[in-house]
Every structure is written in C-alpha cells, then in structure tokens.
Amino acid sequence: MAHAFFLGIDTRAAVSDGPSPQPPDAVTLTLLEKEQEGDHPPTYRVDSIRHEDEAPDPADLADQIQSLVAGSPYIGRTSIIANRRDDYGEAVVEALQDRGLDPTRATLADSSEASSGAPDDAGVFVALDDALEVIADAYRNGHVEFEQHATENVSRLARGLQRMVEYFADVEEAAAAPDTADAPLRPSSIDPHVTSAALAAWLADERSFDPSQHLKEHPQTDTGR
C-alpha cells in the first residue's frame, strides 16, 4: 500500500466559532498521511495537528518543521503546502526555503478569483471550496482517520469537518432542485484546523506518491526569490 505525508500550514486571521476574532498571527499545522491501494479511494490519517494562538517567529517555526520532516517516517516522503496570503505566511514560506525545503506556495481564496491549481505570481492558487470539498468528501465517506485519543485540536477539526459535510450536502441538494432551494451559504466561520487540513488534502489529491513530482495539471512557478 503506497503512502506519503502532506503538511498543511494556514496562517490566516480566520474568525473562530467563539465571540472573539482569532489573533492575526495564529498558525495551524496539520500533517496528514495518505494511504492508497490500487484504484481504491485514498484514506487520510491525521498524523498530528498543532495550533498556536500566538504564532512563533517564522524562523523558529521553520526550524521546528524542518526537524519534524527530517525524522522517521517523514524524511523524503513529506510534501509541504503553506497559505502565503498574509505577511506571516509569506515569511514562513521564505524561512522554509532558506532551510532547503520546497513548500508549495499557495494562495487560499474564494473560488471566484481563479480556478484551483492555476499558477499565481508567486505559487499556486487554491480555491477554498475545492480544498474544503476534498477533505469533506473523504470525511463523509469514512476515509479520514484520527488518533485514538482525540485532543482538543482533533476534536475541533472533526467538528469543523462535519459542518463542511453538511454544507456540501446542502450544495448538492440545491443543485438537484435549483427552482426550489436557495443556494446555500458557506459558513462564514471556518476553523483554521479545517483549512490547514484542507490544504494538505488538496495537495495530496493533486500529487502522486512521489513528493518530487509537481501538481497534476499546473506545475508550480519558480519559488526562488
């Protein structure tokens, strides 16, 4: 059974479910293991998930990520994708590059801005709904596995994924009966636990099990600075 690892990093100033907005320099990292046998649908295991309300210095975070992916079983088998839409995300990408890592520089944004997988001026565009749908479909079909002893981070991810499943079910229902159902609105509050996992799953869906290969349809642009 082939398997590989995908690390999603989201630094967006997302609004949480609580009454207060999330601090602008928060960071969430989700490491998924993708397993697939033949033509069967892949299974994603949440290998680890980490959230920091106060994000560390980008260089310190890059050091921690480098140490993580240099250990067993991740070394040579881990692909990294980072949302670099804000300044902190861009700084994390640059710090990772300085350490010889090659993260996919992603711009995670609404689908109306461009098609998913299209190169932008500094990496690749990822339509938010496309990324969310990959992880939501896998979760709905029982193809997302969690660690046995769920932490609060894992619980937040599971709750967020269930909301995404419900949203996409409403989208399908509206598409099937366009004259009788209003177009559903995506939840305005999407936990960064979900978006970081969605980034990892999107990259896993786009890539083969060889981390050296580029995206299926659109190669990454030059990541040099």
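These are my notebook entries on a predicted model of one protein chain.

**Ground rules.** I number residues from 1 along each chain as its sequence is written, and I leave hydrogens and water out, so that side-chain values use heavy atoms. The model is predicted, and I keep local features only at pLDDT of at least 70 and side-chain atom pairs only at pLDDT 80 or more, while totals for chains, interfaces and linings use all residues.

**Overview.** I found five helices and eight strands in the chain; these are DSSP runs numbered from the N terminus (helices H or I, at least four residues; strands E, at least two). Reading from the N terminus, I noted the order β-β-β-α-β-α-β-β-β-α-β-α-α. Of the 225 residues, 48% count as buried, where buried means under 20% relative accessible area, exposed over 50%, and partly exposed in between (1.4 Å probe, protein chains only). I put the accessible surface at about 10,700 Å², with 46% of it belonging to carbon and sulfur atoms; the areas come from the Shrake-Rupley method with a 1.4 Å probe. I also looked at contacts (heavy atoms within 4.5 Å): among those with a separation of 6 or more, 64% join residues 24 or more positions apart.

**Strands 2 and 3.** Next I went to strand 2, residues 27–36, where eight of the ten residues are buried. Strand 2 runs antiparallel to strand 3 (residues 43–52), and nine bridges join them; two strands pair if DSSP finds at least two bridges. I saw E35 standing opposite T43 of strand 3. The two strands form a hairpin with six residues between them, and in the turn G38 has a positive phi of about 60°.

**Helices 3 and 5.** How do the axes of helix 3 and helix 5 cross? I got roughly 85° for helix 3 (residues 128–140) and helix 5, with the axes coming within 8 Å. That makes the two helices roughly perpendicular, a label for angles of 65 to 115 degrees. Axes here are lines fitted to C-alpha atoms over the stretch in contact, and angles run from 0 to 180 degrees between N-to-C directions. Helix 3 brings L128, D130, A131, L132, V134 and I135 to the contact, and helix 5 brings V194, T195, A197, A198, A201, W202 and D205. By class, I list ten nonpolar, one polar and two charged residues.

**P184.** Last, I checked P184, in the loop between helix 4 (152–176) and helix 5 (192–206). P184 is partly exposed at 25% relative accessible area. V171 is 13 residues from P184 in sequence, yet their C-alpha atoms lie 6.0 Å apart.

Terms used: Parallel < 35°, antiparallel > 145°, perpendicular 65-115°, else oblique. Nonpolar A, V, L, I, M, F, W, Y, C, P; charged D, E, K, R; others polar.
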